[in-house]
Amino acid sequence: MSGLRRVLHPILIAAVVFAVLPFALPRFGSAGTLATEIAIYTLYAMGFNLLLGYTGLVSFGASAFFGTASYAAGLASVHVTANPFLCILFGTVFAAALGLVLGAIILRRRGIYFSLLTLAFTQLFYEIAFKWTDFTGGENGLQGVTRPVLTSNLAYHFFVAAVVLVAMYAIWRIVHSPFGRVLQAIRDNRQRVQCLGYNVANYQLGAFVLSAAVIGLAGSLLTFLIQSVYADNLSWQHAGDPVMMTILGGIHHFLGPLWGSIIFIVLSDQLSSMTEHWWLFFGALLIGFILLSPEGISGIYLRLIGSPRWTLTAESLPPRPAALGLATAIGTHAAATDPVLTVRDLNKRFGSLIVAANVNLEVRAGTLHELCGATVLGRARLTRSSVGYWRSVTYFTVLLATAGMASFGRC
Amino acid sequence: MAELIVSQIVNGLVLGFLYVLIAIGLSIIFGMLGVVNFAHGVFFALGAYFALSLRDTVGPWAIVLAPIFVGAAGMLIESSLLRPLYSKEPLLGLFMTFGIALFLEELIRTVWGAGGRPFDPPGMLSGFIIWGPVLVTKYRLFVLVLTAAILFALWLFLQRTRYGRIIRAGSRDAEMVSMLGINLPRVFTFVFGLGTALAGAAGVLAAPLWSVVPSMAEGAIMPAFVVVTIGGLGSFGGAVVSGLLVGVSVALTIQFWPAASSAVMYALMVLVLLLRPRGLLGESWERFE
């Protein structure tokens with residue numbers, strides 16, 4: 001089984017799907033270019049899921065990056081250079097830069113405010129693009145984008161498929177890297193990651209920029225597929241598309257966005273030729289999935305084969321290193337007698353309730369300590385205060401001797 | 001010039017009070033259920049469409065009945081579709097309201113058609129009132145007074161009654177409230193009904209001011225999101241202040257820079273966020289962060 005899994009690497013599965021689709025879809029009466037759209041939207045949804053599935057950030061403004069990148073690529077093609085590869089690169093870099101600026105602003109708020117802010121920025125950009133007719137073409141869209149190379153639809157499809165696969169492989173590697181692991185830890189328990197000394201805000205900003213770049217790449221690829229740009233790319237409905245795709249395919253599954261985008265695009269193409277009220281069907285489908293299979297199609301498949309689990313990362317763990325680096329690092333950085341954690345005059349109170357008064361504590365490397373208290377409250381508060389979880393502690397000094405934990409000093 | 005500004009400010013206050021009505025409903029639902037109701041705009045539109053259909057049979061009573069029907073629909077939806085999700089991943093509730101929004105908006109399109117429907121204010125409220133330099137339609141003044149009255153009644157309900165206390169306490173800590181012997185599922189259903197009924201009432205009142213089209217849902221939900229973000233979720237005063245601020249800003253921009261009229265509230269929100277990340281009157285509630 002594990003041998004089969006190794007052969008069926010998710011990127012390989014995606015490659016086969018992208019290769020087959022342009023030939024399979026016309027048999028069902030759909031255009032072959034729909035396959036290219038599926039590849040692009042897979043990447044779009046993957047960029048979105050980098051925030052949702054991996055980092056735990058719910059963005060309702062993914063289209064802000066998709067749309068601005070498609071405009072950036074389109075405008076570059078019309079005004080600067082006819083070389084589509086350079087334009088696609090420009091669109092991607094532009095989206096990443098925008099992600100850096102917006103992320104720095106939006107990530108100042110957490111939870112639901114974050115989601116609402118992403119939505120609001122998308123709307124703001126949509127209004128600007130829609131009204132600024134001289135620059136963006138407004139309602140008529142930006143026309144005049146050309147594709148002098150890869151002129152046939154099939155050639156462009158395979159170019160897009162190759163780019164998407166490379167990007168997917170990059171995402172696969174990133175989510176398995178230490179950086180990606182920290183993102184997933186933030187999703188599961190933000191406070192604990194913060195207490196371990198990671199700068200959560202910077203990691204989230206990193207994920208935000210990465211997601212913006214991936215989504216921007218998808219948007220730039222679309223510009224050269226349809227050879228025009230419309231403000232609809234920026235609308236909040238368009239930000240909802242990757243949400244739907246990811247839910248339909250499976251949030252906690254690496255290939256969820258792929259299956260989701262196939263279902264979404266093929267079904268909407270087929271249904272829209274039958275009835276104008278196909279959104280009624282889609283709304284019901286989405287509600288049904290959330291109630292019955294919140295992990296989407298991937299969840300159904302895994303339940304059928306009898307192993308319901310997440311597939312965001314590979315199942316096997318990397319081999320354990322022969323020696324643990326960190327343990328030796330502490331030994332070399334601090335002499336055994338020096339304390340690694342010093343708490344001086346720590347006071348913490350909630351209104352009139354004092355939970356810690358004038359606590360002094362020294363912890364040395366390799367020693368065991370016991371905290372005694374009448375209730376669990378005081379001990380937990382003391383631990384939390386010592387690692388800087390609360391910033392409102394009246395006065396305390398925490399000195400840390402190990403280099404890796406020095407970032408606590410800021411708190 | 002000065003009278004123009006004053007007139008637009010009055011129009012802006014009317015708009016602002018409607019925004020407040022929508023945003024307060026969104027805010028109390030979020031406070032209690034922990035779900036951002038993406039379908040809130042559709043309930044707003046549903047209010048207008050119910051009034052449209054009821055008007056022929058019950059006449060002016062439609063203004064009372066339509067919000068009640070919207071609230072009933074909301075309670076039905078909450079108990080059938082949202083309740084099974086409370087014990088699961090919190091995100092699912094959010095996605096569920098998103099699905100409900102897509103479904104209901106298309107349902108409106110299917111039942112009432114995609115085109116706009118005219119909705120005239122009742123005869124006794126048509127015409128203008130000229131008051132010194134200020135010129136306002138009677139209907140706008142009626143909306144202004146009525147929404148202010150509804151908001152005041154709601155404030156009294158939340159602050160002075162036993163049920164209001166349950167809702168305010170539940171917003172802070174729903175689990176604790178249920179441990180005190182309150183039937184929480186029933187409170188959830190009631191709060192969802194109340195919130196959607198408020199959206200429905202705003203929809204009825206807005207019907208003669210805006211055109212009754214399926215996309216009016218979007219025209220309501222976006223300002224409501226902006227208002228709660230600027231004002232701070234869970235803050236009654238914050239919602240009122242930011243709602244009126246947004247309403248007046250939009251009305252003034254419509255007059256002086258029409259192209260920017262729909263972008264201005266988002267710009268305002270970014271500005272507030274940069275200067276005061278917590279929102280105007282927002283408190284730091286751990287549940288919302």
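Author: Helices (H or I, at least four residues) and strands (E, at least two) are DSSP runs, numbered from the N terminus. The structure discussed here is a predicted model.

Reader: Which pattern does chain B follow along the sequence?

Author: Chain B contains 11 helices and 2 strands. Read along the sequence, these elements give the pattern α-α-α-α-β-β-α-α-α-α-α-α-α.

Reader: What radius of gyration does chain B have, and why does it agree with that of a compact globule?

Author: The C-alpha atoms of chain B fill a box of roughly 60 × 50 × 35 Å along the principal axes. A compact globule of 289 residues would have a radius of gyration near 19 Å, and chain B agrees with this because its own value is 19 Å.

Reader: What percentage of the residues in chain B are buried?

Author: A residue counts as buried if 20 or more other C-beta atoms lie within 10 Å of its own. Of the 289 residues in chain B, the buried ones make up 48%.

Reader: Which elements of chain B are included in what covers the buried residues of H10(B)?

Author: Helix H10 of chain B, residues 236-256, has 21 residues and reaches 30 Å from its first C-alpha to its last, close to the 30 Å expected. Its buried residues include Gly238(B), Leu244(B), Val250(B) and Thr253(B). The cover over the buried residues of H10(B) includes helices of chain B, namely H1 (2-33), H5 (138-160), H9 and H11.

Reader: Which helix supplies the largest share of the side of chain B that touches chain A?

Author: The contact takes 35 residues from chain B and 31 residues from chain A. On the chain B side, H4 (90-112), H9 (216-231) and H11 (264-275) each supply at least two residues. By class, this side has 26 nonpolar, 4 polar and 5 charged residues. The largest share, 14 residues, comes from H4(B).

Reader: Is Leu150(A) buried, exposed or partly exposed?

Author: Leu150(A) lies in the loop between helix H7 (133-136) and helix H8 (153-176) of chain A, and has a positive phi of about 50° although it is not a glycine. Most residues other than glycine have a negative phi. Because Leu150(A) has 16 C-beta neighbours inside 10 Å, it counts as partly exposed.

Reader: Where does Gln227(A) lie in chain A?

Author: Gln227(A) is a residue other than glycine with a positive phi, near 55°. With 16 C-beta neighbours inside 10 Å, Gln227(A) counts as partly exposed. Its place in chain A is the loop between helix H11 (200-226) and helix H12 (236-249).

Note on methods
Residues are numbered from 1 along each chain as its sequence is written. Chains are lettered from A and ligands numbered from 1 in the order in which they are written. This is a predicted model: local features need pLDDT of at least 70, side-chain atom pairs count only at pLDDT 80 or more; totals for chains, interfaces and linings use all residues. Two residues are in contact if their C-beta atoms, placed from the backbone, lie within 7 Å. Ala, Val, Leu, Ile, Met, Phe, Trp, Tyr, Cys and Pro count as nonpolar, Asp, Glu, Lys and Arg as charged, and the others, Gly among them, as polar. The expected span of a helix is 1.5 Å times one less than its number of residues. A residue is buried if 20 or more other C-beta atoms lie within 10 Å of its own, exposed if 12 or fewer, and partly exposed in between; C-beta atoms are placed from the backbone. The radius of gyration is taken over C-alpha atoms; the globule rule is 2.2 Å times the number of residues to the power 0.38.
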